[in-house]
Amino acid sequence: MFSIQTYSDPRGVLLRPEGCASSNSPTIRSGGTNFKTPMCQALKRIFILCDHDRDGALSDAELNDFQVKCFNVLLQPSEIVGVKRVVQEKLPEGVHENGLILTGFLFLHALFIEKGRLETTWTVLRKFGYNNDIRLDDDQLLPPIKRTPDQSVELTSEAVEFLRGVFSLFDIDGDGALNAHELEDVFSTAPESPWTEAPYASAAEKNALGGLSLDGFLAEWALMTLLDPVLSVENLIYIGYADSFLKFIHQPSRSDIQLILLISLVEQRRL
Ligand SMILES: [Ca+2]
Ligand SMILES: [Ca+2]
């Protein structure tokens, strides 16, 4: 089985801030493709959303779901073999026995771009709600939330459960805390980490090695939800909170997102 490490690309060659061009993909390098970081972040997020069983690889069925969602076409088994062969010939480690892994997925898009088929990648980005700036369109996110003075906002239990899963997935070394690198990776599919500045940067207690415990991680989310629920929801969506409402991802209405899963308005107890 793959772990989330597959997403993290432990070799660190594909997702560096300076760009996605991989030392393992000479065609990209020689082609001079400017595979900018926001596109890498978006494609990585799309990969994670399509990897329904979270095993770090797109199976044939998952690849076909992706294909149908983006292009409304079902691939024949021989065509799937063909896609994987294209990757395998140039980047053997891009395909695993479980399917196409993240590096292979990125490589495929780099090939599209290099061959002048940028519109293919743009079609994918648009189907997943990205705008021209490669940020999620406003209609994918939440509008400002109206609340009365005696209401506060907190995450639903489903969202907290999702975050517990995120924590354990990204705690790669299994020490029960997220170190700076692991935390950076949590937000690697978002435009930026929301916790690099006040009040979040120092809101939660860190251990001696600077790691964030699960309680601290959830406390940061709770704080962000309380202070800025729209930002909180935005980041939940960017880090892949979609499993339960994938069917709404296509064109979710704002009220769908708000009502179904992400946040709940809580009546504060009157003393
Ligand atoms: Ca999978
Ligand atoms: Ca850790």
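**Exercise 1. List the buried residues of H6.**

Solution. The buried residues of H6 are Leu 102, Thr 103, Gly 104, Phe 105, Leu 106, Phe 107, Leu 108, His 109, Ala 110, Leu 111 and Ile 113. A residue is buried if 20 or more other C-beta atoms, placed from the backbone, lie within 10 Å of its own, exposed if 12 or fewer, and partly exposed in between. That makes 11 of the 13 residues of H6 buried, and the helix is mostly covered.

The model is predicted: local features need pLDDT of at least 70, side-chain atom pairs count only at pLDDT 80 or more, and totals for chains, interfaces and linings use all residues. Residues are numbered from 1 along each chain as its sequence is written, while chains are lettered from A and ligands numbered from 1 in the order in which they are written.

**Exercise 2. Compare the span of H6 with its expected span.**

Solution. Helices (H or I, at least four residues) and strands (E, at least two) are DSSP runs, numbered from the N terminus. H6 covers residues 102–114, which is 13 residues. The expected span is 1.5 Å times one less than the number of residues. From first C-alpha to last, H6 reaches 18 Å, close to the 18 Å expected. After the helix comes Gly 116, with a positive phi near 80 degrees.

**Exercise 3. Decide whether Asn 98 and Phe 170 are buried, partly exposed or exposed.**

Solution. Begin with Asn 98, in the loop between strand E2 (95–96) and strand E3 (99–101). Asn 98 has 18 other C-beta atoms within 10 Å, so it is partly exposed. Its C-alpha is 8.1 Å from that of Asp 55, 43 residues away along the chain.

Next take Phe 170, in helix H8 (residues 157–170). Phe 170 counts as buried because it has 23 C-beta neighbours inside 10 Å. The C-alpha atoms of Phe 170 and Val 186, 16 residues apart in sequence, are 6.5 Å apart.

**Exercise 4. Describe how H10 and H11 meet.**

Solution. The axes of H10 (residues 214–227) and H11 (residues 229–238) come within 5 Å and cross at roughly 130 degrees. Axes are lines fitted to C-alpha atoms, for helices over the stretch in contact, and angles run from 0 to 180 degrees between N-to-C directions. Angles under 35 degrees count as roughly parallel, over 145 as roughly antiparallel, 65 to 115 as roughly perpendicular and the rest as oblique. H10 and H11 are therefore oblique to each other.
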